[in-house]
Amino acid sequence: MHEISAEEQQQIAVCIGAFAPKRGSLVPILQRIQDEFAYLSGEAMRKVAAHLGITPGEVYSVATFYNQFRFHPPGKHAIKVCLGTACHVRGGEVILENFQRKLGIREGQTTEDKEFSIDRVACVGCCALAPVALLGDKVYGHMAPSKVEGLILGIHLEKERQEREKAKHESNNS
Amino acid sequence: MSQTTPRISFNAIREQAEKRRKELDETGLPKVHIGMATCGIAAGALETKTAFEQALADQNIAARIHAVGCLGHCYAEPLVLVENPGWPPIFYYGVTPGNAGMIVRAFLRDGDPLLETLLGATEPNDLIPQVKDFPRFAFEKKVITQKSGFIDPEDVYDYIDHGGYETLSACLEKSPGDILQEVVHSGLRGRGGAGFPTGTKWRLAREAEIEHKVVICNADEGDPGAYMDRTILESNPHQVIEGMVLCAYAVGASKGIIYVRAEYPLAVRVITKALQQAEGLGLIGKNILGTDFSFDLSLFQGSGAFVCGEETAMIQSIEGYRGVAQHRPPYPVEKGLYGWPTVINNVKTFASIAPILERGAEWYRSMGTDKSPGTAVFSVVGNVVHPGLVEIPMGVDLRTLILEICGGIPNKKAFKAVQIGGPSGGCLPERFLDTPIDFDSLTEAGAMMGSGGIVVMDEDTCMVEVARYFLDFTQKESCGKCTFCRVGTKHLLGILERITKGEGRETDLKTLQELSQDIKLGSLCGLGKTAPNPVITSLRYFREEYEAHIKEKRCPAKMCRSLTAFYIDLDKCARGCDACVGSCPVEAIFTTKDRKKAVDQILCVKCGECMVACPVEYSAVKKISPAQLAPIIPRPEKKEDKKAE
Ligand SMILES: Cc1cc2nc3c(=O)[nH]c(=O)nc-3n(C[C@H](O)[C@H](O)[C@H](O)COP(=O)(O)O)c2cc1C
Ligand code: FES
């Protein structure tokens, strides 16, 4: 599991400190923490509980109710496949399966190297482009299984390029 | 009473807005308005904007780029309106970065409007066809979205310059009772789904003798295939805010909350900015426009749970609890957030208020039908030629909306069904196309107005599968309080899954029917009460489809993947062609002995890519149901494969 560093402890405290210690702050605090860390750690939820004077179980029970919250760090490249009605009717399921097959993980999971994660979302507001997938914040419309391959390949190529650049940089510097 | 009246206070603000516009107008520069709501950005509007900036700089042409919201024509994004002095304003559709450069060079520099790439003009002229003559524009009657797509949502002055907040300033000089009366007279019914008369709700809140009252705007938009509310907020947040302030004044509320899903990052950003700007000008907050009336308005981000669109669940979630629906009565207007009387209305309901109070209840009633006055905004998506947001008067029939306004079904396919009202709604077949779209007619037909999501389905859509899809959704979203909803929907889903896999039983249809009724009766909130609707309507109107799945293991629409197979018609396959091979994500396509292609039925995942890849002149890839009808062609031994090459 991901270790929480002292710096992160500090960051969590800052997030929590911005809100009044009342029950109504619970969801906004959790949102702030997730904004910061991209997920909710057990440690963060315990701290929230202490701030609000409720049990960690209570915090967890609320957090798990809502789809927005995740409890594991997402991949560096978070893939979201839209399975809203329009995308479903136009084959969103097939796109999701292709991502799963290509990356060898299921929806809700992150690859072992922490590079990719896959989630499903409902209607991202551009049904005219269905089926739709998101890579980070960028929307890719009119998806097709062949485009799935291209997208992932593109990321790998970009990563290799960056590594080459980095290596070049380092050899130049030394 | 002090001397300044709200109107006087507002005049200063309006003058500021007018002055800014005049300054811009006097420069006489061309204007390029680019639609930058979510749909535009997804289609590449950011890149298009950059390309415009670049091209203008390259050509040394001065022009003003104006980021606006969504006009509703999502099929045409990125959509750009160019105002070139001496010309009527012209819409261009699908403007890629390349097109942007072309428009700058050909039109702005050389005066050639590029007739082949434009959509139409917005004013009469001799040369360019007018958009108002196209059905997609002609039938629309814009009230809620009138300013959307023409103003910059992040600039309050733009809204004010287009008449915004004028109504608020005028209404603050009247008594709250007068405002209330006008809303009651207008006959406005809530646009969030149930169609409850807004005036009645407001009156109940007004009559509550408790000092502290709350107004909440429901922008949770849970329907997984609809995006009207989000687009309205992204395109014109101030019209919603103005409606909320007017409501607060009418009912005597001092606190307001806009409840938006956190998954709508652009909407959240736009509203946050709008609230700051409105507060800065004294249009919300303390002593609005110099009066005694104060209204504190803030944003609350919903965390993505469909049931939180239900008002009592929403209140639970704002208070920091799991969004579990509560028993009504007491209704929120009696006892809502923290026990205070609370008015909850939909985004479109609030956005209708300023136009109603500006032009009067009579005017509003002149649109729509007797029992459902006014206009409604729909997001029409799925298998239609021109998907997007459409605002039409209530009472227009489905045929006009789908076949005329939205251009009908693409790819020469036949219309099959229209799904209205999202997970709570129903699927209506062709014979219902003449149903007028209003609260009562749709309910009568077995569907529901819902919040405005309409999904059009062509002959390739399986109704059993669609019912399964919605049950899968509601089953996951049930808050779990009522046993019938929690367990019943799971059971319904299980049966539907079985049927779509070809494992249905003869008794299933009866069970589906009975269980649906039980869930309706045994659930507390609208989620459970309406969750079986997709099953009930599809069973009622498409029963033969269920029967084909169960009795013949056949999916008539060839959509259910367990029941269909893809194969290649060897008579049509062109020898040596391998267009399909690379398209297959699982390498299920192989070369036969006589150098044609065939599908390995065991490996095939039925994604249909090969069907798309196969050149139309051959159209050799076929889809068939039941699956066992597909011819089985053995894969040649590896050795022979080599030889053939
Ligand atoms: C399960 C469920 C989901 C709902 N989702 C929404 C929604 O997303 N947006 C909305 O405005 N109303 C939604 N409603 C309706 C609200 O409970 C409420 O009736 C509405 O916000 C009232 O506003 P109106 O009178 O302006 O329509 C939902 C109701 C139920 C039962
Ligand atoms: S359903 Fe996927 S974007 Fe709307």
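**A quick tour of chains A and B**

Let's start with Tyr165(B): leaving out residues up to four places away in sequence, this residue touches Phe10(B), Val156(B), Tyr159(B), Ile160(B), His238(B), Ile241(B), Glu242(B), Ala278(B) and Leu283(B), where contact means heavy atoms within 4.5 Å. Keep in mind that this is a predicted model, in which local features need pLDDT of at least 70 and side-chain atom pairs count only at pLDDT 80 or more, while totals for chains, interfaces and linings use all residues. Residues are numbered from 1 along each chain as its sequence is written, chains are lettered from A in the order in which they are written, and side-chain values use heavy atoms, with hydrogens and water left out.

**Nonpolar cores**

- A nonpolar core is a set of buried Ala, Val, Leu, Ile, Met, Phe, Trp, Tyr and Cys residues joined through side-chain atoms within 4.5 Å; buried means under 20% relative accessible area, with a 1.4 Å probe and protein chains only.
- The largest one has 127 residues, and Tyr165(B), Trp202(B) and Leu428(B) have the most contacts inside it.
- Helix H11 of chain B (residues 237-251) gives the most to this core, with 10 residues; helices here are DSSP runs of H or I, at least four residues long, numbered from the N terminus.
- Apart from that core lies another, of 46 residues, including Ile16(A), Val27(A), Ala305(B) and Val307(B).

**Covered spots**

- Helix H10 of chain B (residues 228-235) is mostly covered, with 8 of its 8 residues buried; among them are Met228(B), Arg230(B) and Glu234(B).
- Over in chain A, Ser41(A) sits in the loop between helix H2 (26-37) and helix H3 (42-52).
- Ser41(A) counts as buried because its relative accessibility is 11%.
- Neighbours within four places in sequence aside, Ser41(A) is in contact with Ile4(A) and Ile12(A).

**Where the chains meet**

- 41 residues of chain A are in contact with 55 residues of chain B.
- About 3600 Å² is buried between chain A and chain B, and carbon and sulfur atoms give 57% of that; buried area is the accessible area (1.4 Å probe) that two parts lose on being put together, summed over both.
- On the chain A side, Phe65(A), Tyr66(A) and Thr85(A) lose the most area to chain B, together 18% of what that side buries.

Notes:
Buried < 20%, exposed > 50% of the residue type's maximum accessible area, 1.4 Å probe, protein only. Helix = DSSP H or I, 4+ residues; strand = E, 2+ residues; numbered from the N terminus.
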